[in-house]
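I opened the model to look up its cores, its sheets and a few helix contacts. My notes are set down in the order of looking.

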Amino acid sequence: MDGGLTVSAPAALSFSGRRWVARAGDAGAAALLAQAHGLPEPLARLIALRGIAAADLDRHLTPRLRDWLPDPSALDGMDTLAARLADAVRRGETVAVFGDYDVDGAAATALMRRFLGAVGGHAVHAVPDRLRDGYGPNAAAFAALADAGARVILCVDCGSAAPGPIAGIAPRADVLVLDHHRVDRAPEAAVAHVNPTLAGPEGLAPLCAAGLAFLAAVGVNRVLRETGWPRALDAATLLSLVDLVALATVADVVPLVGVNRAFVTQGLALMAVRPRAGIAALLRVAGVTRPPDAEAIGFALAPRLNAAGRIGNAELGVQLLLSDETAEAEGLAQRLDALNRERQRIEAGVLDAALAAAERQAGAGRPVILVAGEGWHAGVVGIVAGRVKERFGRPAFVLGIAGGLATGSGRSVPGVHLGDAVRAAVAAGIAIKAGGHAMAAGVTLSADRLGALHELLCAACLGATEGPEALVLDGTMTVEGATAELARAVARLGPFGAGNPEPVFSLRGRLGFVGAVGATGAHLRLAVTGEGGGRLNAIAFRAAGGALGRGLASALGATVVLAGVLREDHFRGGASASLQVIDASPA
């Protein structure tokens, strides 16, 4: 590896039409890090490139919650929330946990149910139906919970944007909110509102809802312990919940920085040695046989859990995460796997139509793509929007139309805050309701206002995107240098994900094999030979049929430059490495 200091971008645009840029680095700093900390030189170079301070190095490479976990009281509203929940436990009041239908919502719901039950509280839960109820709290659901005896309603992964339902139920139940969706102000009728994007230390803003739920559990447990409650938990029992936080943190694509790195690292370690019944069953049906990593969560667990909320019954995901019985968990995992296959079938049909319409808009130079179709399933439009965004390198919205209403989701690129954009559409009277994060947003509007929404979004994003996002390279290597040893050194910077991207390397070699693989032939298996005669296997996921795939096929037998991430090849026992190709260019 050359250290990432003099990476050469291709003379022309890549096969995908992307620019490649190199991270700037300091070779001297890398050498000092290697000497002072006994690090392999390639790892020291990557650390220097990432700008990781020497003082943070140990806790970055070995993230532990004892080093990163903040005091829950640092979050505005947490002390009030913890005191009310502790009071409910002591009084034997019913606490209703109201969640969301995605993985973060399901994990946060399961975490609070498990915690409250463990400390002797009485808890129930409810999850809205995506198609029937839409996102977040509603008056009917809250009334049903109060009718069933709930005196406290705890909203997790929702609630910040529901002042109406919260005010409506306030005379009958105290509403507490744990949320991370960006809003302008807290719902006034909530007894406690914890949302780090609205108020609180900046470093805690990236927490997902399950992360907030874990901090709430720590806070409630502290109150119970200080007041002499006999069933307050010890630290080890509290930490047994961290696998749920890891699951949600990766699935919700929040930045893997700070305490989130510790959540994921310790949660994955827990899954490897003592997986709870539901997670173990889902790993089995997904065919994951090695210890789970962040990639296993993102590509095996999360899609199956999300399938319940997208096209089935969102309750299934929570049930799986609450199950302690192997047979029950196995049955639930099989149902989720079947739902995921059905989701894939539905998604494929919507994707074909969406890409055809998006192609025309991209050709016309629209900075934002917005496509909509009658009957497109609301449960898959967000996934399809992500695919469209990946293909065209610009923000994309995909909406389904039913009964004159268009409902859908958008996915963004760095530099474009979709949540702010859709909230502006509501303020302008174009959208009925909307919300979200910088990188993802949801919106509902009258179908006859789609054109106005598209114009507003294009105006908001004009100049923010200039074609496909540039690919950032961390270094160059030779085919012969792409070893399992190097892959293991790179992996020490993980877990990888949003906020901590996996290092990307370029290498030059002759492309000796290109072949379609996968059930639908969507992926391309590659083999490349280096100047020294070394051979490296590679794969380009979802490349067949696209610009990258066409470019690779046309370059068979020629010398190319591949860009991708280096992984241990587990199919060969980790004794070799392979490259997961992101892009390629002529040599």
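**Cores.** I noted that this is a predicted model. I looked up the largest nonpolar core and found 107 residues in it. Leu81, Met112, Phe115, Leu178 and Val388 touch the most other members. Helix 16 (residues 326-363) supplies the largest share of this core, 13 residues. I found another core apart from it, with 42 residues, including Leu43, Val490, Val528 and Leu548.

I then listed the contacts of Leu178, leaving out residues up to four places away in sequence. They are Met78, Leu81, Leu154, Cys155, Val156, Asp157, Cys158, Val194, Leu212, Ala213 and Ala216.

**Helix 11.** How many residues of helix 11 (residues 242-251) are buried? I got 9 of the 10, so the helix is largely enclosed by the rest of the structure. The buried residues are Val242, Asp243, Leu244, Val245, Ala246, Leu247, Ala248, Thr249 and Val250. Just after the helix, Val253 has a positive phi of about 55°.

Next I checked helix 11 against helix 12 (residues 259-273). Their axes come within 7 Å and cross at roughly 120°. That angle makes helix 11 oblique to helix 12. I recorded the crossing of the two as left-handed. On the helix 11 side, the contact is made by Val242, Asp243, Val245, Ala246, Leu247, Thr249 and Val250. Helix 12 contributes Asn260, Phe263, Val264, Gln266, Gly267, Leu268, Leu270 and Met271.

I traced an open sheet of 5 strands in the order 3-2-4-5-6, with parallel pairing. Strand 3 (122-126) and strand 6 (192-194) are the edge strands, each pairing on one side only. On average, neighbouring strands here are turned by 20° against each other, direction ignored. Inside this sheet I looked at strand 2 (residues 94-98) and strand 4 (residues 150-156), which run parallel and are joined by 5 bridges. Thr94 stands opposite Ala150 of strand 4.

Strand 10 runs antiparallel to strand 11 (residues 440-446), and 4 bridges join them. I found Val443 in strand 11 as the bridge partner of Ala434.

**Strand 14.** With strand 13 (residues 475-476) the pairing is parallel over 2 bridges, and Thr476 stands opposite Ser506. With strand 17 (residues 559-568) the pairing is antiparallel over 6 bridges, and Leu507 has Leu562 as its bridge partner. With strand 15 (residues 523-529) the pairing is antiparallel over 7 bridges, and Phe513 stands opposite Ala527. The hairpin of strand 14 and strand 15 has 5 residues between the strands, and Gly518 takes a positive phi near 100° there.

Definitions and conventions:
Residues numbered from 1 in each chain as written. Predicted model: local features only at pLDDT ≥ 70, side-chain atom pairs only at ≥ 80, totals over all residues. Heavy atoms only, no water. Core = buried A, V, L, I, M, F, W, Y, C linked by side-chain atoms within 4.5 Å. Buried < 20%, exposed > 50% of the residue type's maximum accessible area, 1.4 Å probe, protein only. Contact = heavy atoms within 4.5 Å. Pairing = 2+ DSSP bridges. Axes fitted to C-alpha atoms, helices over the stretch in contact; angles between N-to-C directions. Parallel < 35°, antiparallel > 145°, perpendicular 65-115°, else oblique. Left-handed = near helix turned anticlockwise from the far one by under 90°.
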